[in-house]
Amino acid sequence: MLASQSRQKSYADPKRRDVEFRVGDHVFLRVSPMKGIKRFGKRGKLCPRFTGPFEILEKIGQVAYRLALPPALSAVHNVFHVSMLRKYVSDPSHILSYESLQLQPDMSYEEQPVQILDRKDKVLRNKTIALVKVLWRNSKVEEATWELESDMRAQYPELFR
């Protein structure tokens, strides 16, 4: 048992990086989209998303930090593991303007479609599939995705009026 623990530790240690923040530093906080939303059912379309920056109020233990969260995130516990944080390097020319996400207590959020940008029919050997190009909230036009029209009509009928 001890030998297998040692082996597993030797595999994990090279990938681990020691990150430490100081009180007063600003960090970005990792958030994840809610599972089950059609847009995120496809691999390769997701990239890590961060919100913030938030100020570190105190260090708790070796790997946890208390953040100063805005009142909109009062339902979210304000202590986070270091793996959920990314350092924010301040730049005087950098102006932060972000739309605040509606975060759930488990640090996830639900993507909402804004509008249908395009429509096309994909022809397979013996059937035709109707697709629509959907623009999602908190995303750019370049990040719009092709979704099944039938699924989008079922979940979001208001987009087709």
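1. Two strands pair if DSSP finds at least two bridges between them. By that rule, strand S8 pairs with strand S9 (residues 145-148) through 4 bridges, and the two run antiparallel. Val134 has Thr145 in S9 as its bridge partner. Strands here are DSSP runs of E, at least two residues long; helices are runs of H or I, at least four; numbering starts at the N terminus.

2. A word on the basis. This is a predicted model: local features need pLDDT of at least 70, side-chain atom pairs count only at pLDDT 80 or more, and totals for chains, interfaces and linings use all residues. Residues are numbered from 1 along each chain as its sequence is written, and side-chain values use heavy atoms, with hydrogens and water left out.

3. Now the overall plan. The protein has 2 helices and 9 strands. From the N terminus the order is α-β-β-β-β-β-β-β-β-β-α. Of its 161 residues, 27% count as buried. Buried means under 20% relative accessible area, exposed over 50%, and partly exposed in between (1.4 Å probe, protein chains only).

4. Contacts come next. A contact means heavy atoms within 4.5 Å. Among contacts between residues at least 6 apart in sequence, 50% join residues at least 24 apart.

5. Strand S8 has another partner to inspect. Strand S7 (residues 113-123) and S8 (residues 128-136) run antiparallel, joined by 9 bridges. A hairpin of 4 residues connects S7 to S8. Gln115 has Leu135 in S8 as its bridge partner.

6. Which residues make up the salt-bridge network? Start with the term: a side-chain nitrogen of Lys or Arg within 4 Å of a carboxyl oxygen of Asp or Glu. The whole structure holds 6 salt bridges. Arg119 meets Asp121 at 3.2 Å, N to O. Arg119 is partly exposed at 45% relative accessibility, and Asp121 is partly exposed at 44%. Glu149 also meets Arg119, at 2.9 Å, N to O. Glu149 lies in helix H2 (residues 149-155) and Arg119 in strand S7, so this pair ties together parts 30 residues apart in sequence. Glu149 forms a further salt bridge with Arg153, the closest N and O atoms being 2.9 Å apart. Both lie in H2, 4 residues apart, about one turn of the helix. Shared partners join Arg119, Asp121, Glu149 and Arg153 into one network. Within it, Glu149 is buried at 6% relative accessible area, whereas Arg153 is partly exposed at 41%.

7. Rings of Phe, Tyr and Trp (its six-membered ring) pair if their centres lie within 6.5 Å; planes under 30 degrees apart count as stacked, over 60 as edge-to-face and the rest as tilted. There are 2 such pairs. The ring centres of Phe21 and Tyr65 are 5.5 Å apart with planes at 75 degrees, so this pair is edge-to-face. Phe21 sits in the loop between helix H1 (2-12) and strand S1 (26-33), and Tyr65 in strand S3 (residues 64-68), 44 residues apart. Both Phe21 and Tyr65 are buried. Phe28 and Tyr88 also pair edge-to-face, at 5.2 Å centre to centre and 85 degrees between planes.

8. Last, charges over rings. The term needs NZ of Lys or CZ of Arg within 6 Å of the ring centre and within 35 degrees of the ring normal. Lys120 has its charged end over the ring of Trp146, 4.5 Å from the centre. Arg153 lies over the face of Phe160, at 4.2 Å from the ring centre.
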